Amino acid sequence: MGKLSEQQNAPCPVHTVIECLADKWALHILYGLQGGPQRFSQLRRGIPGVSQKMLSRTLKRLERDGLVARGPLADSGGGLAYHMTSLGEEMGVPLKGLVVWAYDHADAILAARAAHDRAGEDTLAPDSSVLDADDRPDA
């Protein structure tokens, strides 16, 4: 196979990263770990709606991708916690920007959806997870 064919068949780096982050729970987990290491149970309590199975599966995938690691808690004898790796911490700045943008624009997106639905266009199932303005992080 020639060099051009190899480049054409190589996975797009942007697609690879987006695939890593664009599931229902990955960004919630990374955002939750920005405050420091957390036990599995702490993470689960902090992410409404996540099941034990999905949290476990997503944490394993984030570990595989090098964004999260699991290790002993510094202040507890024998306890384990999840924490962001240096690669995951680098994701913190754009992640916080995305979260701030989401809080700032959630109403506009919901209004656009409602207008689209009123116009009789094909619709998708509505998403009931709306962000409270009080929960918006500071920029």
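Student: What should I know before starting?

Tutor: Residues are numbered from 1 along each chain as its sequence is written, and side-chain values use heavy atoms, with hydrogens and water left out. Because this is a predicted model, local features need pLDDT of at least 70 and side-chain atom pairs count only at pLDDT 80 or more, while totals for chains, interfaces and linings use all residues.

Student: How many salt bridges does the structure hold?

Tutor: There are two. A salt bridge is a side-chain nitrogen of Lys or Arg within 4 Å of a carboxyl oxygen of Asp or Glu.

Student: Which side chain meets Asp23 in a salt bridge?

Tutor: That of Arg61, at 2.2 Å from N to O. Asp23 lies in the loop between α2 (13-21) and α3 (26-33) and Arg61 in helix α5 (residues 52-64), so the pair ties together parts that are 38 residues apart in sequence. Helices (H or I, at least four residues) and strands (E, at least two) are DSSP runs, numbered from the N terminus.

Student: And which side chain does Asp65 meet in a salt bridge?

Tutor: Arg61 again, at 3.7 Å from N to O.

Student: How does Arg61 count in terms of accessibility?

Tutor: Arg61 counts as partly exposed, at 23% relative accessibility. Buried means under 20% relative accessible area, exposed over 50%, and partly exposed in between (1.4 Å probe, protein chains only). Asp23 is also partly exposed at 27%, and Asp65 is partly exposed at 28%.

Student: Changing topic, what volume does the second largest pocket have?

Tutor: About 270 Å³. A pocket is found on a 1 Å grid over the protein atoms alone, as an open set of points where a 1.4 Å probe fits, with protein on both sides within 12 Å along at least five of seven lines; lining residues have an atom within 4 Å of a point. Grid points are joined across faces, edges and corners, and the volume is the space filled by probe spheres set on the points.

Student: Which element gives the largest share of the lining?

Tutor: Helix α2, with five residues. The lining residues include Arg61 and Asp65.

Student: Last topic: where does Gln42 lie?

Tutor: Gln42 lies in helix α4 (residues 40-46) and is partly exposed, at 34% relative accessibility. Its side chain reaches the backbone nitrogen of Arg39 at 2.6 Å.

Technical notes: A polar contact is a pair of N or O atoms within 3.5 Å; within protein, one must be able to donate a hydrogen and the other to accept it, and residues adjacent in sequence count only if both atoms are side-chain atoms.
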